[in-house]
Amino acid sequence: DAKNLPGRLDDQVEDGKVNEAFQQIAFADKIILNKLDLITAEQAIVVKDRIRKINKYAKVVPAVRGRVKMAELTDIRAHDMRNFAEQDIEKEAQLTSELKEGHGSQGHSSGHGSDENCTEEHGSGGHSGGHGGGNG
């Protein structure tokens, strides 16, 4: 949510773990930014700018009390390559390379595919989609 997201992004994580908030934003196709009524317009801009630094492609949908137009939740065409036809593929490849190498001093690690020797906790989802394979 808009009020707590900055704190979650700044959470320190143990070695070998990932910052869940960062990872969810990084792999999202659409982000519902809820509780906008609890922060100022200036704070909302700062939060959206932080989201954009992590994932410039995801659509950010504003929400108050979880209210979102139904059209925003259906037919999202997640991972549809036609959505990226206008994007600079070389720039995206560079960003992907940077994510694999890590991203700064916050201790985040990038996602990796299914690994039977992985020691990271995944909750009840296990390795079904690999790290970062969530639905955003």
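Buried here means under 20% relative accessible area, exposed over 50%, and partly exposed in between (1.4 Å probe, protein chains only). The close-ups come from a predicted model, in which local features need pLDDT of at least 70, side-chain atom pairs count only at pLDDT 80 or more, and totals for chains, interfaces and linings use all residues. Residues are numbered from 1 along each chain as its sequence is written, and side-chain values use heavy atoms, with hydrogens and water left out.

View 1. Helices (H or I, at least four residues) and strands (E, at least two) are DSSP runs, numbered from the N terminus. Ala44, Val47, Ile51 and Ile54 are the buried residues of α3. Seen down the helix axis, they fall within an arc of 80° (taken from the directions from the axis to the C-beta atoms), so they line one face of α3. An α-helix has 3.6 residues a turn, so residues three or four places apart point the same way. The buried residues pack against α1, α2, β1 and β2, where contact means heavy atoms within 4.5 Å.

**View 2. The largest nonpolar core.** A nonpolar core is a set of buried Ala, Val, Leu, Ile, Met, Phe, Trp, Tyr and Cys residues joined through side-chain atoms within 4.5 Å. The largest one here has 16 residues, and those with the most contacts inside it are Leu5, Leu9, Ile25, Ile31, Leu33 and Ile51. At least two core residues come from each of α1 (5-10), α2 (20-26), β1 (30-33) and α3 (41-54). The largest share, 4 residues, belongs to α3. Zoom in on Ile51 and you will find it touching Leu5, Ile25, Ile31, Leu33 and Val60, not counting residues up to four places away in sequence.

**View 3. The parallel strand pair.** Strands β1 and β2 (residues 59-62) pair in the parallel sense over 4 bridges; pairing requires at least two DSSP bridges between the strands. From β1 the chain crosses through α3 to β2, a right-handed β-α-β crossover. Across the pair, Ile32 stands opposite Val61, and Leu33 stands opposite Pro62.

**View 4. Two loop residues with positive phi.** Lys35, in the loop between β1 and α3, has a positive phi of about 65° although it is not a glycine. Lys35 is partly exposed, with a relative accessible area of 32%. Arg65, in the loop between β2 and α4 (70-73), has a positive phi near 55°. At 70% relative accessibility, Arg65 counts as exposed.

Methods. A crossover is right-handed if, with the strands pointing away from the viewer, the path from the first strand over the helix to the second runs clockwise.
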